[in-house]
Amino acid sequence: RLVVVCLAMASPHAVALPLEQWRSYEARIFFKSYSDFANTNNPELIKLYHDGAVIWANISHDASNPKLTKLSGETWKKLLTETFEKSRQPSEISSYHNAQAQGRGSFIEIRAERYVHNRCYWDRNFRVVIKKDEQNHYKITHQDIYLNHGNYCEASPDEKVKISNKVTITP
């Protein structure tokens, strides 16, 4: 199947894209919004989740004994709301690498390697599954995420502050 896209602002011509290519384009737009909202503590992130979503959060405090927790979309949205109300600063600044989207029936699965910059760890199995709702908006119906509350960042030599000749403090 083909999807016809009219790009009225850019060109008076219609472009025909294969369905999978169109879905990949939609997935990229969705994932860009997800990343932007998450990295800026934007409450719009909450709207991207379906109430009936299933969130599998692998939570660790020291990287040695992660605990797998299943949360509903409704519970996850409440946790996000509480987080946003407590702080204007995001708790995790992430970048996504090797992101791939694949259609699975009416769902689109997006997988990526997520790097959390302010805690210096990788989530190599990050995954969201999205599906259009009744209003034709994509919503997250499933998510696998690794959350590590430890801090594994080591300051570079440039970030060290010297106090006298004997003591070095690393912020």
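Tutor: Let's start with Y138, which counts as buried because its relative accessibility is 13%; buried means under 20% relative accessible area, exposed over 50% and partly exposed in between, using a 1.4 Å probe and protein chains only. This is a predicted model, in which local features need pLDDT of at least 70 and side-chain atom pairs count only at pLDDT 80 or more, while totals for chains, interfaces and linings use all residues. Residues are numbered from 1 along each chain as its sequence is written, and side-chain values use heavy atoms, with hydrogens and water left out.

F30 is also buried, at 7% relative accessibility. The structure has 10 aromatic pairs, where rings of Phe, Tyr and Trp (its six-membered ring) pair if their centres lie within 6.5 Å, and planes under 30 degrees apart are stacked, over 60 edge-to-face and the rest tilted. The rings of F30 and Y138 have centres 6.4 Å apart and planes at 70°, so they are edge-to-face. F30 belongs to helix α1 and Y138 to strand β8, so their pairing ties together parts 108 residues apart in sequence. Helices (H or I, at least four residues) and strands (E, at least two) are DSSP runs, numbered from the N terminus.

Leaving aside neighbours within four places in sequence, F126 is in contact (heavy atoms within 4.5 Å) with residues including F31, Y34, Y96, I110 and I145.

Widening the view, the largest nonpolar core has 31 residues, and F31, Y34, L45, Y49, W76, F126 and I140 have the most contacts inside it. At least two core residues come from each of α1 (19-39), β3 (49-60), α2 (73-86), β6 (107-116), β7 and β8 (138-148). The largest share, six residues, is supplied by α1. Such a core is a set of buried Ala, Val, Leu, Ile, Met, Phe, Trp, Tyr and Cys residues joined through side-chain atoms within 4.5 Å.

Strand β7 (residues 121-132) also holds D123, which is buried at a relative accessible area of 3%. Its side chain reaches the backbone nitrogen of F126 at 3.3 Å, and the backbone nitrogen of Y146 lies 2.9 Å from a polar atom of the D123 side chain. Not counting residues up to four places away in sequence, D123 touches A112, E113, R114, D144, I145 and Y146.

A polar atom of the D133 side chain lies 2.9 Å from the backbone nitrogen of Q135. D133 and H50 are 83 residues apart in sequence, with their C-alpha atoms 8.3 Å apart in space.

Now for the covalent link: C120 and C153 form a disulfide (cysteine sulfur atoms within 2.5 Å), with sulfurs 1.9 Å apart. C120 sits in the loop between β6 and β7 and C153 in the loop between β8 and β9 (161-163), so the pair ties together parts 33 residues apart in sequence. C120 is partly exposed at 23% relative accessible area, and C153 is partly exposed at 32%.

Finally, a word on confidence: the chain averages a pLDDT of 80, and 77% of the residues score at least 70, pLDDT being the predictor's confidence in each residue, from 0 to 100. Residues 159-171 stay under 50.

How values were computed. A polar contact is a pair of N or O atoms within 3.5 Å; within protein, one must be able to donate a hydrogen and the other to accept it, and residues adjacent in sequence count only if both atoms are side-chain atoms.
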